[in-house]
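Please look through the sequence and the structure shown below before reading on.

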Amino acid sequence: MKKTLLVSFLLMNGYWLFAQNERFYKVYEGKAGNMDATLLLCKSGNSFGGYVWFGKTQWPIPIYGGNRAGITDSITLAAGTEPYTLNLTGVFISEKFTGTSSLQLNDAPAKNGPLQMQVNNNRSFTAFSYFSAEDSAKLPAKIRNESTSDYIISTIWPEGNSTLDNAIKVQIRKMLELPATVATPAAWIASQVKKSAASWKATNSKLSPKDAADMGLSLSEQEETRIMVMYENEKYITLANYNFSYTGGAHGNYGTGLVVLNKQNGKQVRMADVLNTRGIKLLPAILDKVARLQFGIKNNLPLDQNDFLVKTISPSKNFYITSTGIGFLYAPYEIKSFADGDINLLIPFTALTNYLQSDFRY
């Protein structure tokens with residue numbers, strides 16, 4: 001594992017500089033341009049990740065970033081999920097994130113404006129610690145192969161022991177395959193990435209220089225797991241389990257698994273808890289309309305004649321709940337090409353009025 005220099009918080013030119021090894025999970029609320037925005041942000045070292053959504057749509061968008069090159073107190077977060085492209089650039093001053101926001105919808109000109117966000121510590125959001133570990137390896141010089149391996153595991157972890165906290169811990173244990181004997185993930189995930197890097201090096205170091213040369217950079221490997229909160233309101237919380245894997249070839253593969261929990265009792269929410277039988281049967285037709293609207297499809301041709309890989313969109317098992325609707329997340333190649341990335345289709349509750357179970361009639 002790469003060693004980082006331990007640096008305490010320093011106040012420099014009026015800005016708080018984060019320690020290089022700092023990790024946190026925080027909820028920011030405020031304005032991005034002229035829109036209300038909520039940002040669920042995880043930080044590990046100089047790397048940031050999480051989700052952001054806006055007040056009206058409540059459509060969660062994955063966002064990632066880090067320190068701007070050569071400017072240690074300036075952070076750039078970027079997101080790109082059809083139809084939005086978003087950039088947030090600013091500095092952390094105490095509990096505030098201030099700077100500039102740039103939001104583009106489809107091919108329209110970007111809307112630029114100020115970024116003014118403040119940490120929200122109220123009890124409507126679940127309190128989490130954030131643990132992260134990474135390790136890497138390269139082959140001995142005698143192998144004459146420049147392939148490398150990189151392994152990253154990061155996860156939120158509830159700070160309390162309420163019914164909801166314990167239910168979330170159960171879900172995270174399943175996602176990580178964390179043994180019941182392990183109290184918290186910190187030391188365990190550090191050991192897992194270390195073992196993976198050591199195993200990769202031991203296996204590939206057995207190759208002869210000729211065989212290694214023939215295989216070139218195809219020996220490279222990267223595995224990444226990130227567990228975060230995708231969305232949370234007063235009633236429900238959606239956990240996101242992002243996984244990326246590269247084991248050679250043109251590109252890696254990735255996908256995100258979602259789990260929705262009822263915050264009152266900690267139980268996992270199923271589709272039948274949200275929609276009645278008729279509503280579930282109508283989902284493919286409704287998803288068709290949402291996809292056409294989201295991707296600007298104005299003809300009546302089947303979806304597979306409009307750059308989709310399927311004629312009919314079946315409801316994904318990976319769904320999430322917001323205050324305005326129910327969303328379905330599809331991995332690359334599931335309904336569109338790899339170049340299109342994850343496809344996130346959000347159905348407003350207003351389009352499901354006659355099919356909602358009582359708990360979801362906002």
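The buried residues of helix α2 pack against β11 (128-138), β12 (148-158), α1 (163-176) and β13 (221-232), where contact means heavy atoms within 4.5 Å. Helices (H or I, at least four residues) and strands (E, at least two) are DSSP runs, numbered from the N terminus. What you see is a predicted model, in which local features need pLDDT of at least 70 and side-chain atom pairs count only at pLDDT 80 or more, while totals for chains, interfaces and linings use all residues. Residues are numbered from 1 along each chain as its sequence is written, and side-chain values use heavy atoms, with hydrogens and water left out.

Helix α2 itself covers residues 186-204, and its 19 residues reach 28 Å from the first C-alpha to the last, close to the 27 Å expected at 1.5 Å a residue; the expected span is 1.5 Å times one less than the number of residues. Buried in this helix are Trp 188, Ile 189, Val 193, Ala 197, Trp 200 and Asn 204, where buried means under 20% relative accessible area, exposed over 50%, and partly exposed in between (1.4 Å probe, protein chains only). Seen down the axis of α2, these buried residues fall within an arc of 165°, so they line one face of the helix; the arc is that of the directions from the helix axis to the C-beta atoms. On the other side of α2, by contrast, Ala 187, Lys 194 and Lys 195 are exposed.

Now turn to the salt bridges, each of them a side-chain nitrogen of Lys or Arg within 4 Å of a carboxyl oxygen of Asp or Glu; by this rule the count comes to seven. One of them joins Glu 232 to Lys 263, with the closest N and O atoms 2.7 Å apart. Because Glu 232 lies in strand β13 and Lys 263 in the loop between β15 (253-262) and α4 (271-274), the pair ties together parts that are 31 residues apart in sequence. Glu 232 is buried, at a relative accessible area of 2%, and Lys 263 is buried too, at 16%.

Another salt bridge links Asp 288 with Arg 292, whose closest N and O atoms are 2.6 Å apart. Both residues lie in helix α5 (residues 277-294), four residues apart, which is about one turn of the helix. An α-helix has 3.6 residues a turn, so residues three or four places apart point the same way.
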